[in-house]
Amino acid sequence: MEIHPLLEEPFVLVFPADYKHPATGLEAHTDLRFIRYSLRSAIGRQVERQINRLRLNLPITAEFDTASGQLAAVAAGTGWSVTTPLCLLQEYAKVGAQVRVEPIKRGQFSRSLKLIARKGALGDVPRSIAGEIQKNLTEQGTRTSL
């Protein structure tokens, strides 16, 4: 197998835009519910592992399979969440003005996206595709400031 790194991105905290309390880590913000990704998703399992690693007790009150539902719930003031910049970018046009995004200062973690192909089966195509994806992500990131 050949592995081509595409992106390394940190997880971030997302709050309703009018949430005024400071946010440094994944500690429970008891005045808001925690809005989860479903454990059926890879991103949901990764967030849950970090919550468990930090021994946090964040009751399950709402969970979504997609960033669309999760971020819409946060934008509506239902609670706060953890997501990635790429997931946020997917919904930013719809919810950008309605959410507040903060870096995780305590308990930081990230995810990496990779393109994996059978070694030599497709010649230079996987490397070329990975290069184009990296270029597009870089260009998109410079056009959109979160």
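How many aromatic pairs does a search of the whole structure find? The search finds four, where rings of Phe, Tyr and Trp (its six-membered ring) pair if their centres lie within 6.5 Å. Planes under 30 degrees apart count as stacked, over 60 as edge-to-face and the rest as tilted.

The model is predicted, so local features need pLDDT of at least 70 and side-chain atom pairs count only at pLDDT 80 or more, while totals for chains, interfaces and linings use all residues. Residues are numbered from 1 along each chain as its sequence is written, and side-chain values use heavy atoms, leaving out hydrogens and water.

Please select F15 and Y19: their ring centres are 4.7 Å apart with planes at 10°, so the two are stacked. F15 is buried at 0% relative accessibility, and Y19 is buried at 7% (buried means under 20% relative accessible area, exposed over 50%, partly exposed in between, with a 1.4 Å probe and protein chains only).

Strands (E, at least two residues) and helices (H or I, at least four) are DSSP runs, numbered from the N terminus. W80 is also buried, at 1%.

**Helix α2**

Now select residues 67-75, which form helix α2. Its buried residues are A67, Q70, L71, A73, V74 and A75. Among the elements covering them are β2 (12-16), β5 (79-83) and α3 (85-95). Finally, select G77, which follows α2 and has a positive phi, near 90°.

Terms used:
Contact means heavy atoms within 4.5 Å.
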